[in-house]
Amino acid sequence: MADTLRFDGQVAIVTGAGGGLGRAYALLLASRGAKVVVNDLGGKVDGSGADARAADKVVEEIKAAGGEATPNYDSVENGDKIVKTAMDTWGRVDIVINNAGILRDRSFLKMTDQDWDLVYKVHLLGTYRVSKAAWPIMRQQKYGRIVNVSSASGLYGNEGQGNYAAMKMGIAGLSATLAKEGVRYDVKVNTIAPIAGSRMTASVMPPDLVEALKPEYVAPVVAFLAHASVPESGGIFELGAGWVSRLRWQRSRGGFFQLASFSPEAVRDKFEEISDFDGHPTSYPTSNNDAFGEIMSNLEGQEAPPPPSSTASTPTSTS
Ligand code: NAI
């Protein structure tokens, strides 16, 4: 088919590709011509242990299907070694899928520093380290696609997942910034919050749902976000079982106060207005400049003379 999305000549790194979602991403990219570094430490869901067979098995699957792949067994904490595998083997890196993950779920009361640190190391530090090593290469070649993996648990919060949620939200913040920094270099960075049956979700989903929610129903989105033709950078996409949607921030119009009478009581009395998303036009901010219009208009609308003038630029906002 003429318009099939292909990755011929491109090199992709998929972390945690020895099983679950990462394996599905690696197989799909390889089936469409990408040379794939199949990274996996091969540990358990809680991050303990290591086993080279996880990555080896997926490399064999890719090769058996006629694709090209090479294994890497390093932890994502050593992202430079993973990128080095790609460079040593094929001399380039076009795509990074930061997928590796572990879980150490526990109520916040019972969470240990180790639970926090290990989840930090694999998710947020791992995403940072692999991206950091690939970034100068992508910038220099003026091309790159990074897909980072967040989670609904991070974006919305979830009981018993304080460590995981913090790192997954951190990944979304890192992605949003890298998307802005990558614009001039055609390096596009998008984030997904997937749902799929895997060994990770086997402990919280009934077996038939684990079986039904196949990683293959997530992978096409990752492949599109990794493709040269993707129009978007900085997006967050929530998906599973063939359903795909996009997330954005929504900001209420907000409450405007006279500073002369600004007090906790005034905030209480206007709290409904502050939190109102239905009665007034709302906006969808995409940068930290996007609140300046409201801030400046409140400053200018004061009865008392406002503090010294600011030179802040007028922001853009949609309503
Ligand atoms: P999985 O447990 O099947 O796969 C994760 C893989 O990462 C494993 O093969 C594991 O060996 C590897 N890994 C763990 N630590 C590593 C390290 N330090 N270095 C290299 N590899 C390492 O889990 P699943 O479900 O496929 O998850 C993939 C990603 O998707 C994770 O980031 C997870 O947090 C995220 N996710 C998954 C959801 C789901 O419904 N399955 C929901 C939301 C997010």
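Here are some notes on this predicted model, arranged as numbered points.

1. **Confidence first.** This is a predicted model, and its overall scores are ipTM 0.99 and pTM 0.94. The protein chain has an average pLDDT of 94, with 94% of the residues at 70 or above.

2. **One stretch to treat with care.** Over residues 310-319 the pLDDT stays under 50. The model does place 20 contacts for this stretch beyond four places in sequence. Where pLDDT is low, predicted coordinates should not be read in detail. Please keep that in mind if you look at those contacts.

3. **Overall build.** The protein chain holds 11 helices and eight strands. Its C-alpha trace spans about 75 × 45 × 35 Å along the principal axes. Of the 319 residues, 37% are buried. Among contacts in the chain with a separation of 6 or more, 67% join residues 24 or more positions apart.

4. **Two domains.** The chain is divided into domain 1, covering 11-247, and domain 2, covering 248-319. Between the C-alpha centres of domain 1 and domain 2 there are 38 Å.

5. **Around the ligand.** Which residues come nearest to the ligand? They are Gly-16, Gly-20, Gly-101, Ser-198 and Met-200, out of 32 residues around it. Helix H1 (20-31), helix H4 (113-141) and strand S6 (187-195) are the elements that give two or more residues to this shell. H1 gives the most, with three residues.

6. **Ser-131, inside helix H4.** Helix H4, one of the elements in the ligand shell, also holds Ser-131. Is Ser-131 buried or exposed? It is buried, because 23 other C-beta atoms lie within 10 Å, where 20 or more are enough to count as buried. Leaving aside residues up to four places away in sequence, Ser-131 touches Val-96, Asn-98, Ile-146 and Leu-178. Ser-203 is another matter: Ser-131 and Ser-203 are 72 residues apart in sequence, and their C-alpha atoms are 30 Å apart in space.

7. **Asp-46, in a loop.** Asp-46 sits in the loop between strand S2 (35-39) and helix H2 (53-64). With 13 other C-beta atoms within 10 Å, Asp-46 is partly exposed. The residues touching Asp-46, not counting those up to four places away in sequence, are Ile-102, Leu-103 and Arg-104. Asp-46 and Asp-115 are 69 residues apart along the chain, yet their C-alpha atoms are separated by 8.9 Å.

8. **The S7-S8 hairpin.** Strand S7 (residues 236-240) pairs with S8 in the antiparallel sense, over five bridges. Together S7 and S8 form a hairpin with two residues between them. Ala-241, in the turn, has a positive phi of about 55°. For a landmark in the pairing, look for Glu-238, which stands opposite Ser-245 in S8.

9. **Where S8 lies.** Why does strand S8 (residues 243-247) lie largely in the open? The number of buried residues among its five is zero, so S8 has that open placement.

Notes:
Residues numbered from 1 in each chain as written. Predicted model: local features only at pLDDT ≥ 70, side-chain atom pairs only at ≥ 80, totals over all residues. Near = placed C-beta within 6 Å. Helix = DSSP H or I, 4+ residues; strand = E, 2+ residues; numbered from the N terminus. Domains from an automatic or database assignment. pLDDT = per-residue confidence, 0-100. Contact = placed C-beta atoms within 7 Å. Buried ≥ 20, exposed ≤ 12 C-beta atoms within 10 Å, placed from the backbone. Pairing = 2+ DSSP bridges.
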